[in-house]
Amino acid sequence: MAFEAEVNGHKLILDAAEEVGGENRGPRPKPLLLTALAGCTGMDVVSILKKMRVELDNFDVIVEGDLTEEHPRQFFKMNVIYEFTGKDLPLDKLKKAVSLSEERYCGVSAMFKKAIEVTTEIRIIES
């Protein structure tokens with residue numbers, strides 16, 4: 001059940017869970033879709049905030065996906081949670097950076113929005 005993929009010169013093992021015949025040697029394909037969205041928009045937001053001179057102590061992007069019950073099981077909704085940690089962070093700039101990523105720069109987000117509902121949440125943690 002395991003497959004080795006090469007992406008941009010990096011090897012990645014995909015595998016199934018043991019209960020379905022895999023050896024759990026790597027992630028499943030569907031969760032990698034969530035990871036692709038988190039990475040794409042996260043890189044955009046960091047780049048945009050650097051240009052805006054917004055300093056963060058930490059930044060996390062969490063993507064949650066809801067799957068259909070029937071086969072083929074597929075995502076019908078994703079929620080992107082942007083979690084910013086810092087002192088006196090400017091909410092207007094955070095919102096602008098997220099908006100620019102989601103509406104203009106992140107191709108992964110644009111692709112998913114054509115097929116499913118994608119929602120956004122911004123969380124600020126004061127440090």
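Ground rules before the tour. Residues are numbered from 1 along each chain as its sequence is written, and side-chain values use heavy atoms, with hydrogens and water left out. Because the model is predicted, local features need pLDDT of at least 70 and side-chain atom pairs count only at pLDDT 80 or more, while totals for chains, interfaces and linings use all residues.

Start with the overall layout. The chain has three helices and five strands. Those are DSSP runs, numbered from the N terminus: H or I over at least four residues for helices, E over at least two for strands. In sequence order the pattern reads β-β-α-β-β-α-α-β. The C-alpha trace spans about 50 × 30 × 25 Å along its principal axes.

Now burial. Of 127 residues, 34% count as buried. Buried is under 20% relative accessible area, exposed is over 50%, and partly exposed is in between, with a 1.4 Å probe and protein chains only.

Next, contacts, meaning heavy atoms within 4.5 Å. Take those with a separation of 6 or more: 56% of them join residues 24 or more positions apart.

On to the core. A nonpolar core is a set of buried Ala, Val, Leu, Ile, Met, Phe, Trp, Tyr and Cys residues joined through side-chain atoms within 4.5 Å. The largest one here holds 25 residues, and Val 45, Leu 49, Val 63, Met 78, Tyr 82 and Phe 84 touch the most other members. Helix H1 (29-51), strand S3 (58-67), strand S4 and helix H2 (91-105) each supply at least two residues. H1 gives the most, with seven.

Look at Met 78. Skip its neighbours within four places in sequence, and its contacts include Leu 34, Leu 37, Val 63, Phe 112, Ile 116 and Val 118.

Now the rings. A pair of aromatic rings is described by the distance of the centres and the angle of the planes. Rings of Phe, Tyr and Trp (its six-membered ring) pair if their centres lie within 6.5 Å; planes under 30 degrees apart are stacked, over 60 edge-to-face, the rest tilted. That rule gives two aromatic pairs. Phe 59 and Tyr 82 are stacked, at 6.5 Å centre to centre and 15° between the planes. Phe 59 is in strand S3 and Tyr 82 in strand S4, so this pair ties together parts 23 residues apart in sequence. Phe 59 and Phe 84 are also stacked, at 4.8 Å and 20°. Phe 84 is in S4 as well, so that pair ties together parts 25 residues apart in sequence. Phe 59 and Tyr 82 are both buried, and so is Phe 84.

Is Glu 83 buried or exposed? Glu 83 is buried, with a relative accessible area of 17%. Glu 83 lies in S4, residues 75-86. Beyond four places in sequence, Glu 83 is in contact with Asn 58, Phe 59, Asp 60, Ile 62, Arg 123 and Ile 125.

Then Ser 109, in helix H3, residues 107-115. Ser 109 counts as buried at 2% relative accessibility. Outside four places in sequence, Ser 109 touches Leu 37 and Glu 102.
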